[in-house]
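Here are my notes on how the two parts of this chain meet. Please read them with the model open.

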2 protein chains.
Amino acid sequence: MIQVAVNGYGTIGKRVADAVTLQPDMELVGVAKTSPNHEAELAAENGYPLYAAVEDRIELFDAAGIELAGTVDELVDAADIVVDACPSGIGAENRPLYEAHDTPALYQGGEDADLVDTSFNARANYADAEGADHVRVVSCNTTGLSRLFAPLEEAYGVEKARVTLVRRGGDPGQTDRGPINDILPNPVALPSHHGPDVNTIFPDLSIDTLGLKVPATLMHTHSVNVQLDPDADGMPSADEVRELLAEEDRTFMIQSRHDIDGAGKLKEYALDRGRPRGDLWENCVWTESVSVEDDDLYLFQAIHQESDVVPENVDAIRAVLGTADAGESRERTDETMGMGL
Amino acid sequence: MIQVAVNGYGTIGKRVADAVTLQPDMELVGVAKTSPNHEAELAAENGYPLYAAVEDRIELFDAAGIELAGTVDELVDAADIVVDACPSGIGAENRPLYEAHDTPALYQGGEDADLVDTSFNARANYADAEGADHVRVVSCNTTGLSRLFAPLEEAYGVEKARVTLVRRGGDPGQTDRGPINDILPNPVALPSHHGPDVNTIFPDLSIDTLGLKVPATLMHTHSVNVQLDPDADGMPSADEVRELLAEEDRTFMIQSRHDIDGAGKLKEYALDRGRPRGDLWENCVWTESVSVEDDDLYLFQAIHQESDVVPENVDAIRAVLGTADAGESRERTDETMGMGL
């Protein structure tokens, strides 16, 4: 049994911890948290051993009546691997801790690519992570793009990708974020970081990305153009691309009969089906939007920023420790989590 | 003096009426309106003769104590040209009225291109409207794209344009519109109507457009990709494109020193400078966003849906009646309205 520690029990950490407990080959050693807030109480309610992420905050947990199993140092020491799900930048600060204990670590997409041996997407470059000490599971948006580009690259070849990312301003709980009633080019200067980030997974892919922020909290939406390789044997039809994408395990092809026009109805669809927290781990692609004009493929997809990286983190654990190959790991993760809408 | 009637005194009509009164070669005969709401009162306050757009509503104006100069029939009869600024689809219903009086008419972008002899943009195809009886001033978004493509096509040639239009859900006063907290691909099936609409101005331009709607009211934002003609003599630098666009009279190049990150600050900039209603008649292009990667040009521009077509309507009046050429008309319109930020 793989002993997994989760450092950081916020948006990503709490979801990864839950997913780890579902895996037949993994055991959750515990989770570490900075503050005794409602999520710390949740860890206790779930019976997850809770560790103090910062030593001088222990008394806060005591004051809140939340029992601690120890400090993050002890947690990391007891684990075969640690999933760092701390806020952007904190992962880099934590790296020496993991090195001190010789515990391999996964980081999230908010960290710099330079911090790690390899960036990771389960569909695109699973094997690259084997034996690595420091692996970065790429961000929600880069995960969504990698899942899309992998089959397109394999089936047709990609000449160039151009993506406009219409990003939610903040998560539902991030009440200090904006904008309100505005559409912000963000960043104004191109490219956005997403293009270079995709290149950490597909080094040779030609991609330009533009980002905007809007007053929405539920999901990101990508307006995707992929110019397919003009030297390939004929362009695929839109239906052929739809069939190709429908075969992907972590892609939900929204049908027109679903009457789903945006993220609100997508979340409702997931909640109606009992998904934990209404999570949408899959790329949500509007089937109707898939179009081919000359050698240009277009589509819209929605990406759930809070959850699409969760199965990727689970797979990255096995990839690093070399306990399963990509197909085995993805299948096990999908089955235990209940992937497939 | 050109006698101008404005039928429909809403978002566009009231702005066009104001702009017409500023023209040394035009006289506003009057405006027609359906309901005696606050805008009808505004027409009265401005001293604009008010006509009833629908005969059986006359008593509503009487009841509201708003004096009428007559019916729309009389207004059209007295005019050399009528600007139809009625809601989408009503323009088509009004066409027989204008024909009955042999009065040439301008329609707005919400009408079908089939309704008219030619679609119109002052920068791109001014001369096409001369002598036409029915002319459509294209929509705010198509106007914004036409102003952008015209100089690019002239200077470099356009191989293909791909535009994602992140559209405001409704105008500030359209309280029945959405979405709230969502990002909607709209339409889901491609292309959006904008591409074909641009082709009414540039018939040979290869363009694909994708539209979305978001919870914002102030302006639309375009994420623009223009693949320049690869056969041209070398690609321009980003700075050369910036200089080219800066020479356009109806383009505002937002500088990084302005610290303008979106539509809210753009509106504030316009209001601070005393623009009527805070209108932004110009394409608002983020200078920093102008980028050239291989033969791909990228940029962001914001488009004020309530006002960018106003100077175009003024120019279309002269174009139809043949009283000035494109350069003369645009210069006169710009000077009287106070174009140039």
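1. Chain A is assigned two domains: domain 1 (2-138 + 309-337) and domain 2 (141-303). The bounds come from an automatic or database domain assignment. Taken over C-alpha atoms, the centres of domain 1 and domain 2 of chain A lie 26 Å apart.

2. This is a predicted model; local features need pLDDT of at least 70, side-chain atom pairs count only at pLDDT 80 or more, and totals for chains, interfaces and linings use all residues. Residues are numbered from 1 along each chain as its sequence is written, chains are lettered from A and ligands numbered from 1 in the order in which they are written, and side-chain values use heavy atoms, with hydrogens and water left out.

3. Contact (heavy atoms within 4.5 Å) involves 24 residues of domain 1 and 18 residues of domain 2 of chain A.

4. The two domains of chain A bury about 1700 Å² between them, 45% of it on carbon and sulfur atoms. Buried area is the accessible area (1.4 Å probe) that two parts lose on being put together, summed over both. On the domain 1 side, A:Arg15, A:Arg123 and A:Val138 supply 33% of the area buried against domain 2, more than any other three residues.

5. The rule finds 10 salt bridges across this interface of chain A. The criterion is a side-chain nitrogen of Lys or Arg within 4 Å of a carboxyl oxygen of Asp or Glu. Separately, the side chains of A:Asp334 and A:Arg250 form a salt bridge at 2.9 Å, N to O.
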